[in-house]
Each structure stands twice: as structure tokens, then as C-alpha cells.
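Dear colleague,

I am handing over the structure below, together with some notes on its aromatic rings. Please look through it before reading on.

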Amino acid sequence: MNDETMFAAGVDEFGPASTLAVSRRPVPEPGPGEIGIDVTYAGVGFVDTLLRSGAFPLWTPMVPGIEVTGRVRAVGRDVEGFVVGQSVAALLNDFGRGQRAGGYAQVAVAHHTMAAPVPDGVDLRRVTAAVVNGVTAWVALHDVARIDSRDRVLVLGVTGGLGGTTARMAALFPARQVIGVVGRDPDRAPAACTDVVVADALADELDRITPDGSVDVVIDPVGGPLRATAFEHLAPFGRHVVLGNAGRDDRPFSGDETWLATRTVSGLSIGGVAHLRPATCTKALTAVISLVARGILDEPLPAVEPLENAGKVHEALENRTAPAKTVLSMP
Ligand SMILES: NC(=O)c1ccc[n+]([C@@H]2O[C@H](COP(=O)([O-])OP(=O)(O)OC[C@H]3O[C@@H](n4cnc5c(N)ncnc54)[C@H](OP(=O)(O)O)[C@@H]3O)[C@@H](O)[C@H]2O)c1
């Protein structure tokens, strides 16, 4: 650390959204294997609310923010392939190497395996919106569910950031059917969904829109009763991939039902993958940037808020009133 300071939005004690405040904090410097980034945009996701509130065994002071885009400002020892001034996107949820995050800040530090160049001229807002959700969606579909073109894919929480990007990605692979589940408003579902179902009607609707009421893959960032209903409708050899718990109701699975119906339950934490299998993250991030840059993964423009509104964005995410994706712009 040197004496230089920067603006960052963080918490000195874990707490509610109102505790997230902008203050001056020391500028972090990249160590070996790391790069420093002048942040242009930091993405906001539900997981940041968990970081802020103390749901994970981390420590304060904490600056949330696990995805950024910007320009390389410094390159640490033993790093190849990055130069100062280059446009990059990076994941910062690298808790296996110590406490990372720190995206809601003018300067962030990323491990080089979790960063990738962004071609000039590409809209950084779209790229920022796709970093965590795109990488998670890619690994979930490609490496965990291993979807193929005959699969019917059910995406829970499709109006949210992760669900929306996963639906768009599943349509690209391409899955035979992409069924999006919304909490309340079907009009908020992404156009990539072949069918849209309201959560309360899930069981009846699956009977109507699929030949035998079953799906091959469930993408589940929500949990709760929806998880249970989706699992009941998983076909033999079906894969249920748990990505999160936005409904804050962690429903367990029955071993007997998994066994007797020949179903697979998998989980995926991109933070875990980041430090256990960094190459998986690098490959996925490179793929996502390329898909967004070429307009193939058609990520909608996210809402853009100034850094000082980070607390308001967290509040909206917790109240289920946030837009599908928001990014923070740095002062
Ligand atoms: N596995 C990973 O590596 C990874 C990566 C990123 C995120 N996540 C996790 O994924 C989850 C979603 O994150 P996100 O950033 O996409 O959040 P988000 O943008 O807030 O989206 C959450 C979605 O869940 C739905 N939802 C919330 N509570 C619900 C309930 N009780 N019943 C039905 N639907 C409900 C919302 O539906 P409506 O708004 O339509 O009501 C919304 O579509 C979080 O748990 C996050 O931690 C995991």
C-alpha cells in the first residue's frame, strides 16, 4: 500500500444496505500474479448484498463488488499478456486466496487468471453486466450441466441478473426449449425464453408446455418451493444445478428421489471455481467477452448508477424491485 487514496463504497461493519457508504480508502497495489485496474464500471449482483450483510465468513472493512471493467493501471510480477492502458474485464470473487472483492472502487486488483482483455470499441457497460453472470452461466451450462440441443432447460429467477443471462446463454448453445420462471411479471422475462411461466403456476404450466411435464436441466439461483417443484419435474438423467438462494429458503433434496428417479443434483460457486480451477474461469471469461463483443450474447444495457447510489441499488435488490442488472460508474 502507498499513501494514495481513492473513493470506494464499502462497510466498516457488516449491516443493512444503509451502511454502504462512499469514503476514501487506500489504493490497492497488485502483488505477484495480479493486475491493478482503473475501474470504469463495477457490476452489482445479489451476492454483493450477502457480502455486505456478513452472510459469508469474511471480515471488515469490506468493499463489495466482484466484477469490474476498466483499464490496466499496473501489472504485478510474473504477469504476462496485460499492458498498462489496456481495456479489461475481471472477476474479483477470489476468496480462496485471502479476502478479495473490492469492485466498488476507483481502483481494484484482480488475479491475472480472472481477467481478460476487452477489444477496443466494445461497450463496457454490457461487458460489465455479463462478467459474473456470463461466466457462471457458461460454466453451469457447459461444464456442469453439459447441455445439448435436445435439452429442455428450466431457468428459475429469469427476471434477475443471473437467470436472465443464463437463459440467453442456453438459447445460444442451443437448448431445445428455454423455459423462464418469473416471480410475478412475465413481461420482464428475456426474449431468449421460448416459454415463460409464473412461479405459482409452475407445475401446471410444465404439464402444458412440455410433452411429458418434465425438463432435462434446471438452473436454480432461487431455492424455496420453486426448487422443490422444479426438481419434481426433472426427467431421468436430468441435471438440477443449484446456483444460489435468492429466495433465502434453502430447500434440501431427497436422496431417495434423486436415486429412484435417476437425477443429478449439482452445485456451482464461481468463487470456488476461481481459486480451485482458475483456467475454467479464464476460458469462460474469454468466451463471454467474445460473445458480448460480437453481439452474439445480446446482453441488454444495464442501468447505470453513480457509486454513491450503491446502497440504494442493494436495497432494491433485496426488495425485488431492482432492474435485471445495474452497474456503478466511478467518480
Ligand atoms: N453460483 C454462483 O457462482 C453465483 C453467481 C452469481 C449469483 N449467484 C447467486 O444467484 C442468486 C441470484 O443472483 P442475481 O444477482 O441474479 O439476483 P437478482 O438479480 O436479484 O435476481 C433474483 C431473481 O430471483 C427471483 N426471486 C427472488 N426471490 C424469489 C422468491 N422468493 N420466489 C421466486 N423467485 C424469487 C427474482 O424474481 P422476480 O423479481 O421475478 O420476483 C429474481 O428474478 C443469488 O443467490 C446469488 O448469490 C450465484
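**Aromatic rings and their neighbours**

The charged end of Arg24 sits over the ring of Phe7, at 4.2 Å from the centre of that ring. Please keep in mind while reading that this is a predicted model.

Trp138 counts as buried because its relative accessibility is 19%, where the limit for buried is under 20%, whereas Phe173, with a relative accessible area of 29%, is partly exposed.

The other pair is formed by Phe231 and Phe253, and because the ring centres lie 5.0 Å apart with the planes at 80°, this pair is edge-to-face. Here too distant parts of the chain are linked, since Phe231 is in helix 5 (residues 224–232) and Phe253 in the loop between strand 12 (234–242) and helix 6 (255–260), 22 residues apart. Phe231 is buried, at 4% relative accessibility, and Phe253 is partly exposed, with a relative accessible area of 26%.

Phe231 also has a charged neighbour, as the charged end of Arg263 sits over the ring of Phe231, 4.9 Å from its centre.

Terms used:
Residues numbered from 1 in each chain as written. Predicted model: local features only at pLDDT ≥ 70, side-chain atom pairs only at ≥ 80, totals over all residues. Heavy atoms only, no water. Buried < 20%, exposed > 50% of the residue type's maximum accessible area, 1.4 Å probe, protein only. Phe/Tyr/Trp six-rings, centres within 6.5 Å; stacked < 30°, edge-to-face > 60°. Helix = DSSP H or I, 4+ residues; strand = E, 2+ residues; numbered from the N terminus. Lys NZ or Arg CZ within 6 Å of the ring centre and 35° of its normal.
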